[in-house]
Amino acid sequence: MTGVVVVADSLDEALDAAARHPEAVLLQGGTDVMVEVNIHHRRPVSYVALRRVAELRRWHVDEGARTVTIGAGVPYGDMEREPLRSLVPALAEAARTVGSPQIRAAGSLGGNLGTCSPAGDGLPVLSALDAIVHLRSLDGTRDVSIHEFMKGVKRNDRRPGEIIVSVTLPLVDGWQGYAKVGVRNAMVIAAASACLVVDRRPASGAATARVALGAVGPTVIRCREAEAWLAGATDLRAGAVSADVAKEFGRRVGLEARPIDDHRSTAEYRRHAVSVLAERLLRRAGAAS
Amino acid sequence: MTYSLRINGEDRAVQDATISESLLFVLRERLGLPGTKGACEQGECGSCTVVMDGEAVCSCLVLAAGAVGADIRTVESISPPGEYNAVQEAFITEGGVQCGFCTPGLVVAVQHLLDRTHDPSDLEIKEAISGNICRCTGYGRVFAAVRAARDARRAGAS
């Protein structure tokens, strides 16, 4: 079978190519796929290159719904800079930790979601913000909660012929941040990561905190038990969070991690690391409110 | 497969290529442009940095056949053969070149920074070269070279 490379110039062209070549790898920035190709771990038969699809490289704010929708091909470099940086600060912080400037000029949320590595830096942010993933195929569109989209280690809910088009995130009134541990400060894949979002004015009820962890389970983990505990333990609108509450929150977050030993770190260290990250994020949230 | 890439302002035919070749491989092995270096082939070291559609990227992670239609600039476009531009001169005079393997990638990254940032701060310089690994210099002389290039331009502009 002879492979093809389709360099799509529009979303319609990309959807048509994805339908005609369901075996093809959808290539956004290439920063995941080409690593595997270069070391011969993967030999794609065909590719649909999405780099030139302008529809995937746009983002827009819906003021009425208080959301931002970010195209699957928008590079991380755009997320770490204004105006997206102020709209979704945790995403900006996560984007800034992705690889090098060269990687951030190419890598995107579409690629992060398509690869669906538990260490993908954008994914804990999408989880903590309850993102909606928008997919499209020739058959129509499908909107999937991030929690249902991420299935496991490098497994997701995308169906053959579908293209990840964009994600929608809420514009949250409250503090949000991302923190990550690796072997060094720059150019590193997460050994453990965490995103905390404090929503001071949710659609219903009192202020809530949402926390999601990366690289400590088969996919990103939302710590709903720690979130529920925190809601009862402190008033998130009251400002500073006590040291005891922050520490206990970190401990409880660590209990919800499901880390493993691998070439990047140990399970024990990862559980400890996410506890410390969650504690620090909550302290930062308290200090900022 | 056969396709055409736009490299340094010229359309270059790539013939009899296999499907998954990286832009780095095609530049060096098919188009006779060995200035771009290959080391890690995982996007870690930056020695293969080129500018594609105005962004500095790792050519090892660009699917060459997927780069059709892109404007690609390699280190060979920085200055004519036998001549050096201000960034290259600064690397030489400041001792920013030792073994030289990382130098083309660094020169492309630094030129890209100076092209889009008029007067970069020290932090901006450090961030701009954070994706280019040098195992010889310890970065001190590289950093001095970038500052020298920046300061020379600042002096020339005033």
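Tutor: Buried residues make up 53% of the 289 residues in chain A. A residue is buried if 20 or more other C-beta atoms lie within 10 Å of its own, exposed if 12 or fewer, and partly exposed in between, with C-beta atoms placed from the backbone. This is a predicted model, in which local features need pLDDT of at least 70 and side-chain atom pairs count only at pLDDT 80 or more, while totals for chains, interfaces and linings use all residues. Residues are numbered from 1 along each chain as its sequence is written, and chains are lettered from A and ligands numbered from 1 in the order in which they are written.

Student: How many helices and strands does the secondary structure of chain A have?

Tutor: Helices (H or I, at least four residues) and strands (E, at least two) are DSSP runs, numbered from the N terminus. In chain A there are 12 helices and 14 strands. The radius of gyration of chain A is 19 Å, close to the 19 Å from the globule rule for 289 residues, so chain A is as compact as a globular protein of that length. That radius is taken over C-alpha atoms, and the rule is 2.2 Å times the number of residues to the power 0.38. Along the principal axes, the C-alpha atoms of chain A fill a box of roughly 60 × 45 × 30 Å.

Student: What share of the contacts in chain A with a separation of 6 or more comes from residues 24 or more positions apart?

Tutor: Two residues are in contact if their C-beta atoms, placed from the backbone, lie within 7 Å. Of the contacts in chain A with a separation of 6 or more, 66% are between residues 24 or more positions apart.

Student: Which residues of helix α1 of chain A are buried?

Tutor: An α-helix has 3.6 residues a turn, so residues three or four places apart point the same way. In α1(A), residues 11-20, the buried ones are Ala14(A), Leu15(A), Ala17(A) and Ala18(A). They cover an arc of only 165° around the axis, which puts them on the same side of α1(A); the arc is that of the directions from the helix axis to the C-beta atoms. These buried residues of α1(A) pack against β1, β2 (25-27), β3, β6 and β10 of chain A.

Student: To which strands is β6 of chain A joined by bridges?

Tutor: Two strands pair if DSSP finds at least two bridges between them. Strand β6(A), residues 132-137, runs antiparallel to β7(A), residues 140-145, with six bridges joining them. The two form a hairpin with two residues between them, and Ile132(A) stands opposite Ser145(A) in β7(A). Five bridges join β6(A) to β10(A), residues 163-170, and these strands are also antiparallel. Here Val133(A) stands opposite Val167(A) in β10(A).

Student: What span does helix α11 of chain A reach, and against which elements do its buried residues pack?

Tutor: The expected span of a helix is 1.5 Å times one less than its number of residues. Helix α11(A), residues 243-256, has 14 residues and reaches 20 Å from its first C-alpha to its last, close to the 20 Å expected. Its buried residues include Ala246(A), Phe249(A) and Val253(A). The buried residues of α11(A) pack against β13 (208-214), β14 (221-222), α10 (224-233) and α12 (267-288) of chain A.

Student: Where is Cys116(A) found, and is this residue buried or exposed?

Tutor: Cys116(A) is in the loop between α7 and α8 (122-128) of chain A. Cys116(A) is buried, with 22 other C-beta atoms within 10 Å. This residue has a positive phi of about 60° although it is not a glycine. In chain B, Asn8(B) has a positive phi of about 50° and is likewise not a glycine. Asn8(B) lies in the loop between β1 (3-7) and β2 (10-14) of chain B, and counts as partly exposed, with 16 C-beta neighbours inside 10 Å.

Student: Which residues does a cis peptide bond join in chain A?

Tutor: The bond joins Glu82(A) and Pro83(A), with omega about 5°. Pro83(A) is in the loop between α3 (76-79) and α4 (84-87) of chain A.

Student: Finally, how many residues of chain A are in contact with chain B?

Tutor: There, 25 residues of chain A are in contact with 25 residues of chain B. On the side of chain A that touches chain B, the largest share, four residues, comes from α2(A).
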